[in-house]
Amino acid sequence: MGSEGVTGGGREPPVALELEGVSKLYAETTAVDDLSLSVREGEFFTLVGPSGCGKTTTLRLIAGFESPTAGTVRFRGVDVSGTPPEARDVGVVFQNYALFPHMSVGENVGYGLNFADPPGGVSRERRVAELLELVDLAGFEERDPEKLSGGQRQRVAIARALAPGPDVLLLDEPMSALDAQLREHLRVQVRAIQRELGITTVYITHDQEEALAISDRVAVMRAGAPEQVGTPTEIYREPATAFVATFVGDNNVFDGEVHAVGETVASVAVGGETLEVATAGHEVTAGDRLTFCVRPENLRVDATTNALETAVSSAEFLGETSRVHLAWGGRDLVIRTPEPREGRVVVGFAPEDAHVIDVGR
Amino acid sequence: MPTGRDASHERELLAEASTRSVESGEMSRPVGSQREGVKGNAGDATANGRARRVRDGLERRLLGLSAVGTALILLVLFYYPVWTVFRESVVVDGTATLSVFLDLLRDPFYFGDLARVFAGESPLAVGREFLFGERRLGIVGFTAYQAALSTLLSVALGLPAAYVLARYEFYGRRTLRSLTILPFVLPSIMVAVGFAATFGRTGTLNGALGVVGLGPVDLMFTLEVVLLAHAFYNAPLVARVTVAAWESVDASAVETARSLGASPFRAFRDVIAPQLYPAVLMGAALTFIFTFGTFPIVLALGGFQLATVEVFVYQLVRDLNYAEAAALAIVELVITLGVLYAYLRYEARHAVRSSGARPLPRKRLVPTTRSVRDLLPRAGIAGYAVIAVFVFVAPIVSMVYASVAGPNGPTLAHYEFLVERQATGAAFQVQPWPAIRNSILFAVGALAISLPMGVAISVLTTRRYRGRKLVDVVAMAPLAVSGIIVGIGLLRGPVFGFEIGSYRLAVGGALAIVAAHAVSCYPFVVRTVAPGLERTDQSLLESARALGASRTRALLDVELPLIWPGVVAGAAFAFAISMGEFSSTIVLATGTDQYTMPIAIERFIGRRLGPATAMGVVLLVVTSVSFVVIDRLGGESYGI
């Protein structure tokens, strides 16, 4: 999925937005802890993580609604840590739309043009019409925002944020209040608009699937700092930590002691079995403690390598596939099968389908 | 209600705007990174940029400036004057001493038998004598005693009203519910006139009793009439807060209890009642605080034999005994704040915030069946209604009636007296027209000052930052301090004048009255504006900021339009409170040309009840009309 969309090769675009060693402390909690990130010009960058991981605070620090306790926030290399939000050239879209209820749709979209001339030297009315057209709401100027559907409101909010021509678009869980179908539809639309305008975008979500689907790059946040930053494929296929491995999609994480080391494969003792794990790119010696993961789709039924005898504990029928939970020597495993399963199942995986997360001495 | 501001849900607020400098890294605004179509660049922005920057700078500082202005006004018109009075009680002949206080505490005149304990006698012995022998309450004790009785009476009269308003549906229920705010803004001196017209020797009550052949009773200058007048003010307050709590009870919680096996009574006791207690206690605490500091009602209806602390403070001020007056006022303040603090502690621990997603359904007031279960409560309500009419309606009606009643049928003699007094009265006599004119002028002035002050304080106290609690307390203190002390402080401070070098800066008497009114009005603006600001979705404000609006612009464009009904209500309150203000005006109004309507009524009430009622009607009309006009100007109904 779309990791190629930024430049199409050649040199990397310049950094649009940078956080360096940023911390935000509240009275009792540390919301953001020594966080460093950089987002490139035109990039769609997503912060994903469980609630309380500091992703919203990070967005608020970028927007200027909060000032960092330590560290600096830079826009195109200029320190904006002390700049109030109105002077930052950001567009913000909130989960609850935050449309001004006492203004019409047109007045909402045009509000930011009170403080900046419409980009491109067009008239205010023209700019508002353009933006409404962009979000498929042409002719909605006189409507009352209170009378729109959730999806329409959110598109008005996006148009409003874009109207003054911000350098950076910040979206704080913009889809969470919408139902699943609408969410996927709007997701595609947001991505299309972002590409059309080429605007640097920071997107916040707790939904890892959404993060993978929409982003150029993803930062998985935990306890106020990113655990891993990478393209969606990197995040999914090569998780850097056990947390990332299990947070993004289903996963089976194993750890055990290395018995023997081959050229590309190590033998690892896990729960009384010896499993063969590909270790390309890692220096492994006997006696190391190895943590690795195998995605459910790579745990194949009736495979002969690394075969594990398991018992089905439960199964969920999801339509296209079924998610089957297995018990193996006191551990829980999860696999994907076409049909729900019962009873005893033997599963196994190819050594190269295992991804090594960590090697401990 | 002036106290007990909801410490509602916490929000992450930006606490920087006004202190930030514009110069720090302003970025060129409309130059975009976009590649095509929708936007290009706007090169002509630089020329506008500078002008805009200057304007932005002013705007950004506007909130800060108004905060500083408000602080200055409070300092000059409240804290400094009050301090000059309080200082009298601790500085005698240039040396700091607590002797004034100690004398006060040991004086049985003020503290009754408690004074003997303060003087060193054994508390046990004093307690035994107090219980079984002669008891002496003293002024302070009596004030607390009447406040406690007033509180009981107000709760007793307020709860049935709350029950009816919360649980029954009938024609005019909403109007009646809104009317419970009315007593709060009625000038107390006018209410006193109404009570004199109802319960006096020739009042309505005796008229009614005479018809059924019962002898005349004279309730004037008795504790009973004072308590009734206090209930007139505070029972609606108790009812109001209780109804609000009752309406926020979620019906599904009650239904859950019933489905788990609770009888209707158990469901009430276990689910509804616990959510009502905090509200009832809040009403009771506020009633105690208000009635502890009562002044015009006791002055007009009780006389000096029923003197409360505040009346005595006034008496001492008139005797120019400022030291003792200030010490007594401080004692009063300490007791009031003590009760308030105890209540707030309780509230913090027991606040039940029900979501009230689905309020309890109301029953029809007209019985649908003739069963005992349907008829009995409604018979009780009918009985209560008779009492309520006498306590809440009769005083106003009687006042209007008395103003046109003569010995030989209806007459306009009392109004003619006012007109005649206007035409021929001597300079030292109270003339009606200047009183009306002054009342309106002072109220307009007080409104002009207190509205911006109240909005500024609301903004300051609804943002989150270190020291917010302190700002809250400093801004709300004027509600707790005796109006007489504020008045005398203003009289001796700004009115007498400040020495600045060789120049004497003095504030005219009328200006001082406006100032005193503004100080007593703005807390009501805060009360109506701040909750709205607190409830306003923070992301609306943040959206406006992100779109380029300064903090001030966001306030003007987004927040104030959304809470406009609250602002209008605050203005209406401020106007009405100023119209009826008595305590500080009576101290500050030095000549007849500075009299307001309440002062004129007080001057009339002792000698001529007729003209007093006529004047009271004029005050009632002017207050009601301005209340309605301000409300209409706002274009929307207020939702207090």
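## A helix in chain B

In helix 15 of chain B, the buried residues are B:Val309, B:Glu310, B:Val311, B:Phe312, B:Val313, B:Tyr314, B:Gln315, B:Leu316 and B:Val317. Buried denotes under 20% relative accessible area, exposed over 50% and partly exposed in between, with a 1.4 Å probe and protein chains only. Helices (H or I, at least four residues) and strands (E, at least two) are DSSP runs numbered from the N terminus. Because nine of the ten residues of helix 15 (residues 309-318) are buried, this helix is largely enclosed by the rest of the structure. Just after helix 15 of chain B, B:Leu320 adopts a positive phi of about 60 degrees.

## Basis of the model

The model is predicted: local features require pLDDT of at least 70, side-chain atom pairs count only at pLDDT 80 or more, and totals for chains, interfaces and linings use all residues. Residues are numbered from 1 along each chain as its sequence is written, chains are lettered from A and ligands numbered from 1 in the order in which they are written, and side-chain values use heavy atoms, leaving out hydrogens and water.

## Aromatic pairs

Over all chains, a search of the whole structure finds 22 aromatic pairs. Rings of Phe, Tyr and Trp (its six-membered ring) pair if their centres lie within 6.5 Å; planes under 30 degrees apart count as stacked, over 60 as edge-to-face and the rest as tilted. One of the pairs, A:Phe254 with A:Phe292, is stacked, at 5.2 Å centre to centre and 15 degrees between the planes. A:Phe254 lies in strand 11 (residues 252-261) of chain A and A:Phe292 in strand 14 (residues 289-294) of chain A, so the pair ties together parts 38 residues apart in sequence. Both A:Phe254 and A:Phe292 are buried.

In chain B, B:Phe232 and B:Tyr233 form an edge-to-face pair, 5.8 Å centre to centre with 85 degrees between the planes. B:Phe232 is buried at a relative accessible area of 2%, and B:Tyr233 counts as buried at 14%. Ring pairs link B:Phe195, B:Phe199, B:Phe232, B:Tyr233 and B:Phe392 into a cluster.

## Charges over rings

The charged end of A:Arg143 sits over the ring of A:Phe140, 4.2 Å from its centre. A charge sits over a ring if NZ of Lys or CZ of Arg is within 6 Å of the ring centre and within 35 degrees of the ring normal. A:Arg160 lies over the face of A:Phe100, at 4.5 Å from the ring centre.
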